[in-house]
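This report examines one protein structure. Please keep the sequence and the model in view while reading.

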Amino acid sequence: MALIEPDTTMSMVNEEYCKLSGYTKQEVIGTSWTKQIPPQDLELMKEYNRRRLINPKDAPDKYEFTFYQKNGNIRHALMSITMLSIEKL
């Protein structure tokens with residue numbers, strides 16, 4: 001699991017994310033998720049992200065993609081997206 005801010009910055013990841021990616025929390029928090037995506041998937045994922053920010057129903061909430069592990073290997077994954085919002089009280 002990863003929490004991603006509207007500007008693509010990862011603000012939190014869990015231990016399973018770290019095991020799968022090979023990165024530590026300190027290495028990824030504050031960085032953009034776009035740096036871990038190979039070119040063949042990056043533009044589509046950025047487009048999904050852009051559309052989701054405008055209207056969450058306008059982008060898929062599950063899709064397959066590839067990503068780079070810290071060691072440079074490419075892995076395949078299925079992503080499931082949930083939009084969170086924090087409303088002011």
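Predicted model: local features only at pLDDT ≥ 70, side-chain atom pairs only at ≥ 80, totals over all residues.

**The largest pocket**

The largest pocket holds about 1000 Å³ of space. Its lining is made up of 30 residues, and those nearest its centre are Ala-2, Leu-3, Ile-4, Met-79 and Ile-81. Several elements each supply at least two residues of this lining, namely β1 (2-4), α1 (15-21), α3 (39-54), β3 (62-68) and β4 (74-80). The table sorts the lining residues by class.

| Class of lining residue | Number of residues |
|---|---|
| Nonpolar | 22 residues |
| Polar | six residues |

**Helix α3**

Helix α3 consists of 16 residues and spans 23 Å from its first C-alpha to its last, close to the 22 Å expected at 1.5 Å a residue. Which residues of α3 are buried? They are Asp-41, Leu-42, Met-45, Tyr-48, Asn-49 and Arg-52. Viewed down the axis of α3, these buried residues fall within an arc of 135°, so they line one face of the helix. They pack against β3 and β4. On the other side of α3, the residues Pro-39, Glu-43 and Ile-54 are exposed.

**Residue Ser-11**

Ser-11 belongs to strand β2, which covers residues 10-13. Is Ser-11 buried, partly exposed or exposed? Ser-11 is partly exposed, because its relative accessible area is 31%, and the partly exposed class lies between under 20% for buried and over 50% for exposed. Apart from neighbours within four places in sequence, Ser-11 is in contact with Leu-3, Glu-5 and Ile-29. The C-alpha atoms of Ser-11 and Val-28 are separated by 8.4 Å, and the two residues are 17 residues apart along the chain.

How values were computed: Residues numbered from 1 in each chain as written. Heavy atoms only, no water. 1 Å grid on protein atoms, 1.4 Å probe; cavity = no way out; pocket = protein on both sides within 12 Å on 5 of 7 lines; lining within 4 Å. Points joined across faces, edges and corners; volume = space filled by probe spheres on them. Helix = DSSP H or I, 4+ residues; strand = E, 2+ residues; numbered from the N terminus. Nonpolar A, V, L, I, M, F, W, Y, C, P; charged D, E, K, R; others polar. Expected span 1.5 Å × (residues − 1). Buried < 20%, exposed > 50% of the residue type's maximum accessible area, 1.4 Å probe, protein only. Arc of directions from axis to C-beta. Contact = heavy atoms within 4.5 Å.
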